[in-house]
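Here is a short report on one protein model. It covers a surface patch, a charged pair and the overall fold.

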Amino acid sequence: MYKDVLRSIEGIATFPIIALMLFLGFFIAMLIYLFKKDKSHWDEAARLPLETDESIQTLDTRKNESI
């Protein structure tokens, strides 16, 4: 039943192609974004789970002072 409904829609074959292009575009954009980030960004992100609330607040004040 579903096969007959989908076969009757004209141009239905373009939708999977559009979905694939959107997925690939998003995936490639994310790869570019991730590779362009500084090493300092990744070092700071790696330290976040290990920090206490006080050390996070001191990091925030250091960032505000440098701006």
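Ile18 sits in helix α2. Its relative accessibility is 45%, so Ile18 counts as partly exposed; the cut-offs for that class are 20% and 50%. The model is predicted.

Ile18 belongs to a nonpolar surface patch. Two helices, α1 (2–8) and α2 (14–36), each contribute at least two residues to the patch.

The structure holds one salt bridge. Its partners are the side chains of Lys39 and Asp43, at 3.5 Å from N to O. Both residues lie in helix α3, which spans residues 39–47. Because Lys39 and Asp43 are four residues apart in that helix, about one helical turn separates them.

How do the accessibilities of these residues line up?

| Residue | Relative accessibility | Class |
|---|---|---|
| Ile18 | 45% | partly exposed |
| Lys39 | 63% | exposed |
| Asp43 | 33% | partly exposed |

Lys39 counts as exposed because its 63% is over the 50% cut-off. Asp43, at 33%, is partly exposed.

Now the whole chain. The protein has four helices and zero strands. From the N terminus, the order is α-α-α-α. Of its 67 residues, 3% count as buried. The protein exposes about 6,500 Å². Carbon and sulfur atoms supply 68% of that area.

Key:
Residues numbered from 1 in each chain as written. Predicted model: local features only at pLDDT ≥ 70, side-chain atom pairs only at ≥ 80, totals over all residues. Heavy atoms only, no water. Buried < 20%, exposed > 50% of the residue type's maximum accessible area, 1.4 Å probe, protein only. Areas by Shrake-Rupley, 256 points an atom, 1.4 Å probe, with all protein chains shown as cover. Patch = residues over 30% accessible without salt bridge, like charges linked within 9 Å, V, L, I, M, F, W, Y side chains within 5 Å. Salt bridge = Lys/Arg side-chain N within 4 Å of Asp/Glu carboxyl O.
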